[in-house]
Amino acid sequence: MLHLRTSGFICTLLISLCAASLGAKEREEVIPKAPLFCGVAVEADLAGPVMKAVSSRFAQMEVGARLNFRDHYFPIFEMGIGESDREGQEISNRFKTRAPYFRVGMDYNFNRKHNGNRLMLGVRYGFSSFKYDFQNPDFEDPIWGSARRGLVLDGQRGRAQWAEFVAGCETKLWSFIRLGWTIRFKARIHQSVSDFGEPYYTPGFGKNGSSTFGGTVNLIFDVGRTTKKVRHKEGGKNDE
Amino acid sequence: MKKTIVGLLCMVGLAACEGIDCTLNNVVALNIGFYDANGAGVRLADTLMVTAAGTDSIIFNSGTGVEALGLPMSYERDADTLVFSFKGQDEEEAREMTLIVKKTNQWHTESPDCPVSAFHHLTGIERKGGEGFIDSVVVVNEDVNYAALENIRIYLHTAD
């Protein structure tokens, strides 16, 4: 199943790439070059608060900041708080964690026109250092007995590093406000966890495993834009 | 572009699915095998019963033709005392051997949906009784976990 999902994701990336490049070839019009530095943007993920509101298995509230070079290259930094507080479906185990996470990376915009729409592919390196709790109040040794009832494994330490392959798009809503989304294939690079076992959820990564999928819905604000300069340089042909 | 959108939606749908993927082989037991003096596996001619000393638990009851068995270990004790009772068909009283299995314990968790287990590492073994029908007891694998490997070999006195 994992291989199927991975190949599906790679196929989608390739299709996106081909569509972008074919589209560009078909329209061989002269597109003015954007200036080297086109501004800064900050963004917030809208999916995290929604996941938290609907009591999802875990939620990630994150914000990010990115630079814009030539309207094609977007170095980006993302940080957030990941949390999970989950009880087992059939047994009274409880897993709990809440910790920050960080990502750095780069996006590339395949849309050659500077019309406010962007088709992005990118990569991220993510890492998190966190503590997690595991409890079962009803746990007991059924045969040998136990001096105490219940299991409490609080404050277990974990660290994780992972890579993300990102595909997404965004468009301009109004003036300096943009809306976009990404989907992400995440592959674990390294993790160190407690001897008691792996955490159910890794902040920033998602449900723990060698790989997983994720996504964001981003509200993006262009700040310190150089729109006017771009317009001036390019004779007002472009929005950006 | 339509294909791309359909592909992306399919992937999101797949990613949304979740099952309870606990380890299927999630039994932790002290695995014991019986061997003759030459090191070949044997089936016990006697009826075997194993009790957990200090409790009222019979952890293996009235086994016949036993070649190997798996016994539950305590989750948190430093040593488990196992009383083996061997009883032949013509015998009125069972012959007993006591094994004190010393160990360290390690909790093991996977997911809130999966049962918690205690793994063990055997640090020593002590035998009391069994002279005349047990030659020796040997630890062959110290780790008691999901791997379900044989941990202890009991060599019966089968040759003079």
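1. Two strands are said to pair if DSSP finds at least two bridges between them, and helices (H or I, at least four residues) and strands (E, at least two) are DSSP runs numbered from the N terminus. In chain B, four strands form an open sheet in the order β4-β1-β10-β8, with mixed pairing. The edge strands of this sheet are β4 (68-71) and β8 (134-139) of chain B, each of which pairs on one side only. Neighbouring strands of the sheet are turned against each other by 20° on average, direction ignored, where axes are lines fitted to C-alpha atoms, for helices over the stretch in contact, and angles run from 0 to 180 degrees between N-to-C directions.

2. A word on the basis of this note: the model is predicted, local features need pLDDT of at least 70, side-chain atom pairs count only at pLDDT 80 or more, and totals for chains, interfaces and linings use all residues. Residues are numbered from 1 along each chain as its sequence is written, while chains are lettered from A and ligands numbered from 1 in the order in which they are written.

3. Strand β6 (residues 95-108) and strand β7 (residues 117-129) of chain B pair in the antiparallel sense over twelve bridges, with Trp107(B) standing opposite Ala118(B) in β7(B). Strand β7(B) also pairs in the antiparallel sense with strand β9 (residues 143-144) of chain B, over two bridges, and there His120(B) stands opposite Val144(B).

4. As a whole, chain B has one helix and ten strands, and from the N terminus on its elements run α-β-β-β-β-β-β-β-β-β-β. A residue is called buried if 20 or more other C-beta atoms lie within 10 Å of its own, exposed if 12 or fewer, and partly exposed in between, with C-beta atoms placed from the backbone; buried residues make up 19% of the 160 residues in chain B. Two residues are in contact if their C-beta atoms, placed from the backbone, lie within 7 Å, and of the contacts in chain B with a separation of 6 or more, 51% are accounted for by residues 24 or more positions apart.

5. Chain A has three helices and ten strands, which follow the pattern α-β-α-β-β-β-β-β-β-β-β-β-α along the sequence. Of its 240 residues, 32% count as buried, and among contacts in chain A between residues at least 6 apart in sequence, 64% join residues at least 24 apart.

6. A nonpolar core is a set of buried Ala, Val, Leu, Ile, Met, Phe, Trp, Tyr and Cys residues joined through C-beta atoms within 7 Å. The largest such core has 16 residues, of which Leu30(B), Ile32(B), Val50(B), Leu71(B), Leu82(B) and Phe84(B) touch the most other members. The elements that give two or more residues to this core are β1 (30-35), β2 (47-52), β5 (79-87), β6 and β10 of chain B, and the largest share, three residues, comes from β5(B). Leaving aside neighbours within four places in sequence, the contacts of Leu30(B) include Leu71(B), Val101(B), Val144(B) and Ile152(B). A second, separate core of eight residues includes Phe58(A), Phe95(A), Phe130(A) and Phe134(A).

7. Most residues other than glycine have a negative phi, but phi of Ser175(A) is near 45° and Ser62(B) has a positive phi of about 50°. Ser175(A) lies in the loop between β6 and β7 (177-192) of chain A, and it counts as exposed because it has 10 C-beta neighbours inside 10 Å. Ser62(B), by contrast, is placed in strand β3 (residues 58-64) of chain B, and it is likewise exposed, with 10 other C-beta atoms within 10 Å.

8. Finally, Gly145(A) is found in the loop between β5 (118-136) and β6 (151-174) of chain A, and it counts as partly exposed because it has 16 C-beta neighbours inside 10 Å. Gly145(A) and Ile177(A) are 32 residues apart in sequence and, from C-alpha to C-alpha, 62 Å apart in space.
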